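Hi,

Here is the structure I said I would pass on. Have a look at it first, and then read my notes below.

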Amino acid sequence: MSKFSFKLFCIEKYADKKAIPSNDVYKLFERSGILQMLDEDYEILHGHGFDYVLCDIEKILENRQ
């Protein structure tokens, strides 16, 4: 899976889980640095299950609010 596909997958799965539009999730991920984190930590994260990645995303978002 490419970095782009991985980020898109994370956006779509988070949007589905939270029942919000994916374009809103993209904006949230961009503002909060999640997209950068997904890009920088791709090698580590893409091998983990989505639940693990989602947990990391949720922790980061909680800490930044």
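This is a predicted model: local features need pLDDT of at least 70, side-chain atom pairs count only at pLDDT 80 or more; totals for chains, interfaces and linings use all residues.

Staying with Lys17 for a moment, I looked at what it reaches beyond its own stretch of chain. Leaving out residues up to four places away in sequence, Lys17 touches Leu54 and Glu58. For the Leu54 pair, 37 residues of sequence separation come down to 9.5 Å between the C-alpha atoms.

Helix α1 covers residues 3–18 and helix α5 covers residues 50–63; they pack at about 75°, with 11 Å between their axes. Angles from 65 to 115 degrees count as roughly perpendicular, and α1 and α5 therefore fall in that class. On the α1 side the contact uses Phe6, Phe9, Cys10, Lys13, Tyr14, Lys17 and Lys18, and on the α5 side Phe50, Val53, Leu54, Ile57, Glu58 and Leu61. Sorted by class, that makes 9 nonpolar and 4 charged residues, with no polar ones.

Helix α1 also packs against α2. Here the axes come within 9 Å and cross at roughly 115°, and the crossing is right-handed. Cys10, Ile11, Glu12, Tyr14 and Ala15 of α1 meet Ser22, Val25, Tyr26, Leu28 and Phe29 of α2. This contact of α1 with α2 divides into 8 nonpolar residues, 1 polar and 1 charged.

Glu12 and Leu61 sit 49 residues apart along the chain, and their C-alpha atoms are separated by 16 Å.

Now for the inside. Which residues touch the most other members of the largest nonpolar core? They are Phe29, Ile34, Leu38 and Ile57, out of 19 residues in that core. Two or more residues each come from α1, α2 (22–32), α3 (34–40), α4 (42–45) and α5. The largest share, 6 residues, is from α5.

Most residues other than glycine have a negative phi. Ala19, however, has a positive phi, near 55°. Ala19 is in the loop between α1 and α2. Is Ala19 buried or exposed? With a relative accessible area of 68%, Ala19 is exposed, because anything over 50% counts that way.

Send me your thoughts once you have had a look.

Cheers

Methods
Residues are numbered from 1 along each chain as its sequence is written. Side-chain values use heavy atoms; hydrogens and water are left out. Axes are lines fitted to C-alpha atoms, for helices over the stretch in contact, and angles run from 0 to 180 degrees between N-to-C directions. Helices (H or I, at least four residues) and strands (E, at least two) are DSSP runs, numbered from the N terminus. Angles under 35 degrees count as roughly parallel, over 145 as roughly antiparallel, 65 to 115 as roughly perpendicular and the rest as oblique. Contact means heavy atoms within 4.5 Å. Ala, Val, Leu, Ile, Met, Phe, Trp, Tyr, Cys and Pro count as nonpolar, Asp, Glu, Lys and Arg as charged, and the others, Gly among them, as polar. A nonpolar core is a set of buried Ala, Val, Leu, Ile, Met, Phe, Trp, Tyr and Cys residues joined through side-chain atoms within 4.5 Å. Buried means under 20% relative accessible area, exposed over 50%, partly exposed in between (1.4 Å probe, protein chains only). A crossing is left-handed if the near helix is turned anticlockwise from the far one by less than a right angle, and right-handed if clockwise.
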